[in-house]
Amino acid sequence: MSLSTTSPSALKAILWAGFVAGTLDALAAVVVLGKMKAIPVFKYIASGFFGREAFTGGIDMVGYGVLFHYLIALAFTLVYFFIFPYLPFLRKEKIASGLLYGICVWVIMNFVVLPLSNVPPTPFTWQNVLVGILLLMFLVGLPISWIIHRYYRLNRGSFVRPFRF
């Protein structure tokens with residue numbers, strides 16, 4: 001098995017897509033959910049690991065929240081990067097696949113990641129569901145799709161699968 005995605009350009013594309021998606025999502029979380037207050041947003045994210053003590057912590061908890069937020073964005077970017085060559089739909093439908101990936105991210109976050117974490121439960125409302133899905137579609141799914149699609153188009157010519165078995 002050979003891994004042909006270790007070139008600096010692959011790493012650059014992955015890091016860039018994760019950074020862009022993570023930054024856009026963080027800004028949306030601060031503006032829409034945090035009502036322009038970043039500290040509570042990032043303490044909430046840190047509470048996924050540290051539990052309620054994250055809310056009483058200081059700037060260190062904000063730092064952990066930022067770190068965890070970008071690690072999650074990077075993880076979703078890596079998944080998209082590695083499945084991209086195997087799913088023709090992703091290659092053919094850049095916009096639609098990005099929007100659908102945003103929905104997948106919302107589903108995974110809300111039905112897998114958050115329930116397994118220590119974050120306090122939030123009240124369910126259809127408005128929160130709709131806003132969350134739309135934000136992830138346009139601010140996470142689309143940028144990841146766009147950047148990874150561009151990487152494969154520019155650096156691979158044809159879409160080469162990163163793993164050969």
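The structure is a predicted model, in which local features need a pLDDT of at least 70 and side-chain atom pairs count only at pLDDT 80 or more, while totals for chains, interfaces and linings use all residues. Residues are numbered from 1 along each chain as its sequence is written, and side-chain values use heavy atoms, with hydrogens and water left out.

Let me begin with the overall fold. The protein chain contains seven helices and two strands; helices (H or I, at least four residues) and strands (E, at least two) are DSSP runs, numbered from the N terminus. Along the sequence, their pattern reads β-α-α-α-α-α-α-α-β. Of the 165 residues in the protein chain, 41% are buried. Here buried means under 20% relative accessible area, exposed means over 50%, and partly exposed lies in between, with a 1.4 Å probe and protein chains only. Among the contacts in the protein chain with a separation of 6 or more, 72% join residues 24 or more positions apart; a contact means heavy atoms within 4.5 Å.

I turn now to the helix pairs. How do H2 and H4 cross? Their axes come within 7 Å and cross at roughly 75 degrees. Axes are lines fitted to C-alpha atoms, for helices over the stretch in contact, and angles run from 0 to 180 degrees between N-to-C directions. H2 is therefore roughly perpendicular to H4. For reference, angles under 35 degrees count as roughly parallel, over 145 as roughly antiparallel, 65 to 115 as roughly perpendicular, and the rest as oblique. On the H2 side, the contact is made by Ile-39, Phe-42, Lys-43, Ile-45, Ala-46, Phe-49 and Phe-50. H4 contributes Met-61, Val-62, Tyr-64, Gly-65, Val-66, Phe-68 and His-69. By type, the residues of this contact of H2 with H4 divide into eleven nonpolar, two polar and one charged. In this count Ala, Val, Leu, Ile, Met, Phe, Trp, Tyr, Cys and Pro are nonpolar, Asp, Glu, Lys and Arg are charged, and the others, Gly among them, are polar.

The next pair is H4 and H6. Their axes come within 12 Å and cross at roughly 130 degrees, so H4 and H6 are oblique to each other. The contact joins Ile-72, Phe-76, Val-79 and Tyr-80 of H4 with Ser-97, Tyr-101, Val-105, Ile-108 and Met-109 of H6. The residues of the contact of H4 with H6 comprise eight nonpolar, one polar and no charged.

Next come the cores. A nonpolar core is a set of buried Ala, Val, Leu, Ile, Met, Phe, Trp, Tyr and Cys residues joined through side-chain atoms within 4.5 Å. Which residues touch the most other members of the largest one? Among its 27 residues, they are Tyr-80, Phe-81, Val-105, Ile-144 and Ile-148. Two or more residues come from each of H1, helix H4 (59-83), helix H6 (94-116) and helix H7 (126-156). H7 gives the most to this core, with eleven residues. Apart from this core lies another, of eight residues, including Ala-26, Val-30, Phe-42 and Ile-45.

Val-105 deserves a separate word. Not counting residues up to four places away in sequence, Val-105 touches Phe-76, Leu-136 and Val-140.

Ile-133 is in helix H7 and counts as buried, at 19% relative accessibility. Leaving out residues up to four places away in sequence, Ile-133 touches Ile-103 and Trp-106. The C-alpha atoms of Ile-133 and Cys-104, 29 residues apart along the chain, are separated by 9.0 Å.

Finally, the loops. Neighbours within four places in sequence aside, Val-119 is in contact with Tyr-44, Ser-47, Gly-48 and Leu-114. The C-alpha atoms of Val-119 and Ile-45 are separated by 7.4 Å, although these residues are 74 residues apart along the chain.

Lys-35 lies in the loop between helix H1 (8-33) and helix H2 (38-50). Lys-35 is not a glycine, yet it has a positive phi of about 50 degrees. Lys-35 is exposed, with a relative accessible area of 62%. Met-36 is found in the loop between H1 and H2, with a positive phi of about 75 degrees although it is not a glycine. Met-36 is exposed, at a relative accessible area of 61%.
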